[in-house]
Amino acid sequence: MAQGGVPGRSRRSLRIAGSVAIGVAALAGLALVASYVVPPVLLNLRSTVADGSAVALRADSSRGEVVAPEGWIISRPPWTDAAVEVRSPDLALTVLVSVSAGNSETALALLRDGAAGPVRVETLTSGRTVRHADAEGGRVLAAVDVDGGVVSVDARVADAADAAAYRAALAELLAGIGP
């Protein structure tokens, strides 16, 4: 053994252990970065820009569709045909649109649970009835009866203070909901 030093075999073991520790730390760092980067990338791979065509929604025997305004971004969550996320071109308005069994009367109970204000009933330009209510943080919850089910809408604005500025855009999206 060298004077005041570590035997050769121990030095090599320390170098190997140090290299392994650095490698594990690098892999952990990559995994952490990937956990933030990969989900949005996967979502964007499933995104398209709306061209005025209807997007079909299906859940068991329930069917619906939504026509997003041209230029809006449409993303379908993985492993489901029952929902789409629609975002305004400025990304300030995000709307989750989904179809399920039942009708807007049953969805109304869900609206009342999340609503901060009264539930309003209106007729869309399509002739369909929409029930909607404001919720906390500038959210708008809505339900539209379609043939064989109900299309539910959960709209969120990035800055709750600007929610009123997106009412017309949301009304256009709701008018695009159909059978």
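Which backbone oxygen lies 2.8 Å from a polar atom of the side chain of Arg76? Select Arg76 and look: the backbone oxygen belongs to Ala56.

Before moving on, note that this is a predicted model, where local features need pLDDT of at least 70, side-chain atom pairs count only at pLDDT 80 or more, and totals for chains, interfaces and linings use all residues. Residues are numbered from 1 along each chain as its sequence is written, and side-chain values use heavy atoms, leaving out hydrogens and water.

**Stop one: Arg76.** Arg76 sits in the loop between strand S4 (73-75) and strand S5 (83-87). Arg76 is buried (under 20% relative accessible area, with a 1.4 Å probe and protein chains only; exposed is over 50%, partly exposed in between). Arg76 has no salt bridge (a side-chain nitrogen of Lys or Arg within 4 Å of a carboxyl oxygen of Asp or Glu). The nearest side chain of opposite charge, Asp81, is 4.2 Å away. Yet the backbone oxygen of Asp81 lies 3.1 Å from a polar atom of the Arg76 side chain.

**Stop two: Asp81.** Asp81 and Arg58 form a salt bridge, with the closest N and O atoms 3.6 Å apart. Arg58 is in strand S2 (residues 54-59), 23 residues from Asp81. Asp81 is partly exposed at 36% relative accessibility, and Arg58 is partly exposed at 37%.

**Stop three: Arg167.** Asp134 is in strand S8 (residues 129-134), and Arg167 is in helix H3.

**Last stop: Arg139 and Asp154.** Their side chains meet in a salt bridge (2.8 Å, N to O). Arg139 is partly exposed at 22%, whereas Asp154 is buried at 17%.

Conventions: Helix = DSSP H or I, 4+ residues; strand = E, 2+ residues; numbered from the N terminus. Lys, Arg positive; Asp, Glu negative; His and termini not counted. Polar contact = N/O pair within 3.5 Å; in protein donor to acceptor, adjacent residues only side chain to side chain.
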